[in-house]
Amino acid sequence: MGVNSNRVEDLPCHHDHHQTTTVRIPSDIDLEAMPPPEIHRVCLPPKQSTLQKLKHRLGEIFFPENPLHRFKNQTWFTKLLLALQFLFPIFQWGPEYNAQLLKSDIISGLTIASLAIPQGISYAKLASLPPIVGLYSSFVPPLIYSLLGSSRHLAVGPVSIASLVMGSMLSEAVSSTEEPILYLKLAFTATCFAGLFQASLGFLRLGFIIDFLSKATLVGFMAGAAVIVSLQQLKGLLGIVHFTTKMQFIPVMASVFSNRGEWSWQTIVMGFSFLLFLFTTRHISKRNPKLFWVAAAAPLTSVIVSTLIVFLLRSKNPGISFIGHLPKGLNPPSSNMLYFNGPYLALAMKTGLITGILSLTEGIAVGRTFASLKNYQVDGNKEMMAIGLMNICGSCSSCYVTTGSFSRSAVNYNAGAKTVVSNIIMAAAVLITLLFLMPLFYYTPNVILATIILTAVSGLIDYQAAYNLWKVDKLDCMTCLCSFFGVLFISVPTGLAIAVVVSVFKILLHVTRPNTLAMGNIPGTQIYQNLSRYREALRIPSFLVLAIEAPFYFANSTYLQERILRWVCEEEERIKANNEGTLKCVILDMTAVTAIDTSGIDTLSELRKILEKRSLQLVLANPVGSVMEKLHQSKTLESFGMNGVYLTVGEAVADISSVWKARA
């Protein structure tokens, strides 16, 4: 409609002295002495055909950012160039690339490579995959992302959460030690399905689906997953050989203490020494961001030093297990290993779906975080397609699920990365490692991989975020706790599913039980606000002004009718108790009713008839364009009459009062 409502938001007033003041208007102001407001006509929106409405609605749903706007009034050559830039962002920043940018990207690329190499090996172990697969996954996917991705700072590779989920879900059905080939096939197939799902979401512009993973869900899920991951690392940290494959809290702790005879004091001493070193370096980097390189270089330094120690003590048999042989060479093709037919296909699809959603959520969140720091935009749908195609290509080149890592991206950002070339530099460093340096990792102890994972996942436990959830929204906090304890005591996918169900229940609760409130006039103004929030707001004699703060749908229409009639009964009881004048009119402020369906329209008509039988007039104030149009098309407006719909509550009160006065 293009008109403003008299309702205002509850926002503080900002003055020159940066103070917030509350102004109390004297309640003895004579409302009748104020000049009556001009009565405006409530207009219908411009007429549109069904096709035009459908086109507009689909555009709002799937293309809110209007990606084709830049192509208007352009020559065919410019359109071709813009299309290339849209599909391949490298064409956008490539022509302006220079030696200074390359210098910054080389420094940041080598810095994140020093972190990516030990993390790649560690996260592959976390997913119960051969360590070499972690390095393969740090080579091909970053190259694909550098061509298609729109984030300048996202550092791509394996991540702890996706590794944990893949390992836990596949290990429930297939043992990675007894059937390693089948396990590897399922991992690559799950990666392929994850990529197909991610790319489809981007191509079909259905990214809003991942919004069902709310912040509360992710905070609880990541904390629970971090605890489970940490407990799983006790195997490497204590030197235990026979360890449970289960991921729940109780079986893991039972396995730790039932195998005390396998604890190795040499492994424990080395593990806790390097764990202390890694946490110390991380603390130093947090205290002084300029020393980011200290924490970034610590994992590789730990790998080098611990490998040297084990190598020098190998003749004395120190009882510390190590990685062993890792094959040299580039990623072997794995398209022939994709598992599209057999009893485990459903498992691969389910694993791919869940890891795909989680990795996509993390990658987009990380990309947007660093984009906001440098004031540029990251296109969510393009990111989905980039990450999806990256995983599809990865599944055919011996890689498992990858996405943007927060820890590596933070290091990349602090190291001064300017473009995605830093990912290419990192991939080049990994390539050199794969071709020439693999024998150097032979004596790398498994306990170091456990300490690297422990250090990385400890940052996923966000106590402050959980505390803020409790302070702001108790239901959100409950979602967080459901996710946390579900992951911890049941299973990773079940914990996530429980949290999503709680989140959906919260949405349904808000939709089916919307907020309604009674409103009063702020003296000296035409503004009407919540009586319980504004003490200076006054009730208008003979009027009951109610506001509905939700769409009027089939899911809530019965509730709203019952709640409005209850408001009416309560108001009549209050009037009777205070010996005031009779109630004559009920005004519904429809400002926040953004939509209405046929059930809502029928309920309004029925409500009008019920109130009419009780000698009460029902009036609508400020219905939005789409609501007004449906009321008109359903002939409901005719039943309300000339004095049934107003632009504002103030105009409704003034006009109806004047009609009553004229009749008197």
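Trainee: What is the relative accessible area of Phe 91, and how do I read it?

Mentor: Buried means under 20% relative accessible area, exposed means over 50%, and partly exposed is in between (1.4 Å probe, protein chains only). Phe 91 comes out at 40%, so this residue is partly exposed. Phe 88 is partly exposed too, at 33%. Bear in mind that this is a predicted model, where local features need pLDDT of at least 70, side-chain atom pairs count only at pLDDT 80 or more, and totals for chains, interfaces and linings use all residues. Residues are numbered from 1 along each chain as its sequence is written, and side-chain values use heavy atoms, leaving out hydrogens and water.

Trainee: How many aromatic pairs turn up in the whole structure?

Mentor: Rings of Phe, Tyr and Trp (its six-membered ring) pair if their centres lie within 6.5 Å; planes under 30 degrees apart are stacked, over 60 edge-to-face, the rest tilted. The search finds 13. One of them is Phe 88 with Phe 91, edge-to-face at 6.2 Å between centres and 70 degrees between planes. Phe 485 and Phe 489 are stacked, because their planes are at 15 degrees, with centres 6.2 Å apart.

Trainee: Which charged end sits over the ring of Tyr 376?

Mentor: The test is NZ of Lys or CZ of Arg within 6 Å of the ring centre and within 35 degrees of the ring normal. Here it's Arg 152, 4.1 Å from the centre.
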